Amino acid sequence: MKNVYFFAVLFSAFAAVSCASTSGSGNVTRLASDTVIDLDGYWNETDVRIVCDTLISECISSPRIAKFKSQYGRSPVVIIDSIRNQSSEHIDTSIVEKKFQTAIVNSGVLEFVSSSSERLSLREEKSDQADHSSLETAKEMDQETGADFMLKGSVKTIVQTSDNTSVRTYFVYAELHDIQTNRIVWMSENDSIKKVVKRPKVKL
């Protein structure tokens, strides 16, 4: 009888802990990845998708890119410099950079090489292989692929405010620079993101 009582108490304790953890976590609703959600009017994942879809499409269809492939018989190689945040809010522009890189690589129109920070770690690995790997498998130095173009860009905002209403307009710029000549071979901007944010008036 004592064992039955012990297990009943133990089961009740587990049930209480389980209920407490469930109720404390709140409700979670899963959404489709393309669902538009604007909670506060600031930069969000929908804005990233709109910007990248537009600029990437323009970049890979650029006549200068087609001319390069026709002239050299290969896809141009690109390195990403940075997408700078010059807006009035915190924006993680590394997400934009990676989305650009992923989409353009998968398009097969351009090829990318590692960034400057990534190259340092790769060179350290090759240096380590030179000391510890077999001659058949060690990767040689001075065999890197040089980039033809550098992708640069920025995100900027214009904010207008009146009473409890503000209008936020985002400008996203992207450019391809010829590393050999410093010429800009492609550039574009997306200024289609404009949001009107109305906040409740504070009652005094």
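A residue counts as buried when its relative accessible area is under 20%. In this predicted model, buried residues make up 31% of the 204 residues in the chain.

**Figure 1. Overview of the chain.** The chain has five helices and five strands. Along the sequence they follow the pattern α-α-α-β-α-β-α-β-β-β. Among the contacts with a separation of 6 or more, 65% are between residues 24 or more positions apart. The accessible surface comes to about 14,200 Å², and 54% of this area belongs to carbon and sulfur atoms.

**Figure 2. The largest nonpolar core.** This core holds 29 residues, and W43, F100, L151 and L176 touch the most other members. At least two core residues come from each of helix 2 (45–60), helix 3 (63–72), strand 1 (77–85), helix 4 (93–107), strand 3 (149–162), strand 4 and strand 5 (184–198). Helix 2 gives the most, with six residues. In soluble globular proteins, nonpolar side chains tend to be buried together.

**Figure 3. Strand 4 and its pairing with strand 3.** Strand 4 covers residues 165–178. Because 11 of its 14 residues are buried, strand 4 is largely enclosed by the rest of the structure. Strand 3 and strand 4 run antiparallel and are joined by 14 bridges. The hairpin they form has two residues between the strands, and D163 in this hairpin takes a positive phi near 55 degrees.

**Figure 4. Surroundings of L176.** L151 stands opposite L176, which belongs to strand 4. Both L151 and L176 are among the core residues that touch the most other members. Apart from neighbours within four places in sequence, L176 is in contact with C59, I65, V78, F149, M150, L151, R183, I184, V185 and W186.

**Figure 5. Pairing of strand 4 with strand 5.** These two strands pair in the antiparallel sense over 12 bridges. A174 stands opposite S188, a residue of strand 5. Five residues lie between the strands in this hairpin, where N182 takes a positive phi near 70 degrees.

Figure 6. T169 lies in strand 4. Is T169 buried or exposed? The relative accessible area of T169 is 6%, so T169 is buried, given that the cut-off for buried is under 20%. The side chains of T169 and K194 are joined by a polar contact of 2.9 Å. Not counting residues up to four places away in sequence, T169 touches K156, T157, I158, D191, I193 and K194.

Note on methods. Residues are numbered from 1 along each chain as its sequence is written. This is a predicted model: local features need pLDDT of at least 70, side-chain atom pairs count only at pLDDT 80 or more; totals for chains, interfaces and linings use all residues. Side-chain values use heavy atoms; hydrogens and water are left out. Helices (H or I, at least four residues) and strands (E, at least two) are DSSP runs, numbered from the N terminus. Buried means under 20% relative accessible area, exposed over 50%, partly exposed in between (1.4 Å probe, protein chains only). Contact means heavy atoms within 4.5 Å. Accessible areas come from the Shrake-Rupley method with a 1.4 Å probe; for residues, only the protein chains shown count as cover. A polar contact is a pair of N or O atoms within 3.5 Å; within protein, one must be able to donate a hydrogen and the other to accept it, and residues adjacent in sequence count only if both atoms are side-chain atoms. A nonpolar core is a set of buried Ala, Val, Leu, Ile, Met, Phe, Trp, Tyr and Cys residues joined through side-chain atoms within 4.5 Å. Two strands pair if DSSP finds at least two bridges between them.
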